[in-house]
Amino acid sequence: MLPAHERLRKTSVFQRAYAARNSVSFTCGTLYVLPRRPPQGKGKKPDTGLKPRQPLKGPMIGFSISKKVLKSACKRNRAKRRVREAYRQVKTTFDDVFRQEAAMHRWYALVYVINPLALTAGFDEIAASIKESLLKAGKKFGSK
């Protein structure tokens, strides 16, 4: 399970991520990225919009799947668990070079919208596609 300070729970942040329209498709779904806000003046820290209890070391992560995609709650939860665990394992292998390429310091929130392939794909395939999606997002939106 992800630590509490990394989990995305507020609906408003999910909605902000969707509204930002910064998305990258991957095998098991779509990744929406929400960049951090730039500093508001000299010497100020970036404003994230929320006051977390612990300082942010990385982006907050959210996972969602629609009832339209999978009708059964059991299957939806299984798909989310598989993608969440794959992200957690990929996250433990991050090194400084990967963090720079994926621009992890630039993101406030990452939202994974999962499709049904997460149930049938192999675990290694899910982990590889998550890593690939982070790199794609870093290349596509990281240099703005």
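How many bridges join S3 to S4, and do the two run parallel or antiparallel? I looked this up before anything else. S3 and S4 run parallel, and 5 bridges join them. I note here that the model is predicted.

**Entry: strand S3**

Next I checked how covered the strand is. Of the 5 residues of S3, 5 are buried, and the strand is mostly covered. I then sorted the residues by the way they point. Ile61 and Phe63 point one way from S3, while Met60, Gly62 and Ser64 point the other way, and all are buried.

**Entry: the largest nonpolar core**

I looked up the largest nonpolar core, which has 32 residues. Tyr87, Tyr112, Ile130 and Leu134 are the ones that touch the most other members. I listed the elements that give two or more residues to this core: strands S1 (23-26), S2 (29-35), S3 (60-64) and S4 (107-114), together with helices H2 (73-92) and H5 (123-141). H5 gives the most, with 6 residues. I also found a second, separate core of 9 residues, with Val13, Phe14, Tyr108 and Ala109 among them. As background, nonpolar side chains in soluble globular proteins tend to be buried together.

**Entry: Tyr112**

Which residues is Tyr112 in contact with, leaving aside its neighbours within four places in sequence? I found Ile61, Gly62, Phe63 and Ser64 among them. The list also includes Phe26, Thr30 and Leu31, as well as Tyr87, Ile130, Ser133 and Leu134.

**Entry: aromatic pairs**

I counted aromatic pairs next, and the count comes to 6. In one of them, the ring centres of Phe26 and Tyr112 are 5.7 Å apart and the planes stand at 90°, so I recorded the pair as edge-to-face. Phe26 lies in strand S1 and Tyr112 in strand S4, so this pair ties together parts that are 86 residues apart in sequence. Both Phe26 and Tyr112 are buried.

I then turned to Phe63 and Tyr87. Their ring centres are 6.4 Å apart and their planes are at 65°, so this pair is edge-to-face. Because Phe63 lies in strand S3 and Tyr87 in helix H2, the pair ties together parts that are 24 residues apart in sequence. Phe63 counts as buried at 11% relative accessibility, and Tyr87 is buried with a relative accessible area of 2%. I put the rings together at the end: ring pairs link Phe26, Phe63, Tyr87 and Tyr112 into a cluster.

**Entry: a charge over a ring**

I looked up where Lys131 sits relative to Phe98. Lys131 lies over the face of Phe98, at 5.3 Å from the ring centre.

**Entry: cysteines**

How many disulfides does a search of the whole structure find? I got 0. I then checked the accessibility of two cysteines. Cys28 counts as buried, at 1% relative accessibility, whereas Cys74 counts as partly exposed, at 47%.

**Entry: Arg21**

I ended with a backbone angle. Arg21 has a phi near 60°, a positive value in a residue other than glycine. I located Arg21 in the loop between helix H1 (11-20) and S1. Is Arg21 buried or exposed? Its relative accessible area is 70%, so I recorded Arg21 as exposed.

Technical notes: Residues are numbered from 1 along each chain as its sequence is written. This is a predicted model: local features need pLDDT of at least 70, side-chain atom pairs count only at pLDDT 80 or more; totals for chains, interfaces and linings use all residues. Side-chain values use heavy atoms; hydrogens and water are left out. A nonpolar core is a set of buried Ala, Val, Leu, Ile, Met, Phe, Trp, Tyr and Cys residues joined through side-chain atoms within 4.5 Å. Buried means under 20% relative accessible area, exposed over 50%, partly exposed in between (1.4 Å probe, protein chains only). Helices (H or I, at least four residues) and strands (E, at least two) are DSSP runs, numbered from the N terminus. Contact means heavy atoms within 4.5 Å. A disulfide is a pair of cysteine sulfur atoms within 2.5 Å. Rings of Phe, Tyr and Trp (its six-membered ring) pair if their centres lie within 6.5 Å; planes under 30 degrees apart count as stacked, over 60 as edge-to-face and the rest as tilted. A charge sits over a ring if NZ of Lys or CZ of Arg is within 6 Å of the ring centre and within 35 degrees of the ring normal. Two strands pair if DSSP finds at least two bridges between them.
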